[in-house]
Amino acid sequence: DIYAKIEKRYQMTMAGDLGFLNEEKMIVFIINSEAAYLAISEDKAVFALFKNIVKLYKGMKVCVIIPAIENAPIGFTSCDVIKCFRDDKVLFMFDNIEEQKFFDVTLAMKKQFSKKVREGEGYLLVNNELSKIKTPLCAK
């Protein structure tokens, strides 16, 4: 079971064994539909496991990707999965910064990143630090 494997990584880290993570492979979850992340939010037991993965176990070589999130403001009525990502503030975005609605963009960010993104460019938000990134392009 994948959750047990992640939990074991955490327990070993808490016991002081830090080197083993270098040998472990990244575990990647891709939640590729709105129906899937809404279902996770609606089931309290499943959401509790999901929240542990993205909050408590986030340093255990685990990555959760949700490419199907609408570029819209996150309010009190948004589902819990989306709120989790908003609160964690680790996001990749591949849109112009002035068109981004998922988090609050400061005036300084708008000024610094006013240039339009091109193919293969995007942004990485970690906490409240925004960086421009370049991604590899795949030949068609």
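This report describes salt bridges in a predicted model. Residues are numbered from 1 along each chain as its sequence is written, and side-chain values use heavy atoms, without hydrogens and water. Because the model is predicted, local features need pLDDT of at least 70 and side-chain atom pairs count only at pLDDT 80 or more, whereas totals for chains, interfaces and linings use all residues.

A salt bridge is defined as a side-chain nitrogen of Lys or Arg within 4 Å of a carboxyl oxygen of Asp or Glu. By this rule there are five salt bridges.

| Pair | Closest N to O distance |
|---|---|
| Glu98 and Lys116 | 3.0 Å |
| Lys132 and Glu121 | 3.6 Å |

Helices (H or I, at least four residues) and strands (E, at least two) are DSSP runs, numbered from the N terminus. Accessibility is described as buried (under 20% relative accessible area), exposed (over 50%) or partly exposed (in between), with a 1.4 Å probe and protein chains only.

Glu98 forms a salt bridge with Lys116. Glu98 lies in the loop between β3 (90–93) and α5 (107–112), and Lys116, 18 residues away, in the loop between α5 and β4 (121–126). Glu98 is partly exposed at 38%, and Lys116 is partly exposed at 48%.

Glu121, in strand β4, pairs with Lys132 in strand β5 (residues 129–134), eleven residues apart. Glu121 is buried at 9%, while Lys132 is partly exposed at 33%. Lys134 is exposed, at 65%. Through shared partners, salt bridges join Arg118, Glu121, Lys132 and Lys134 into one network.
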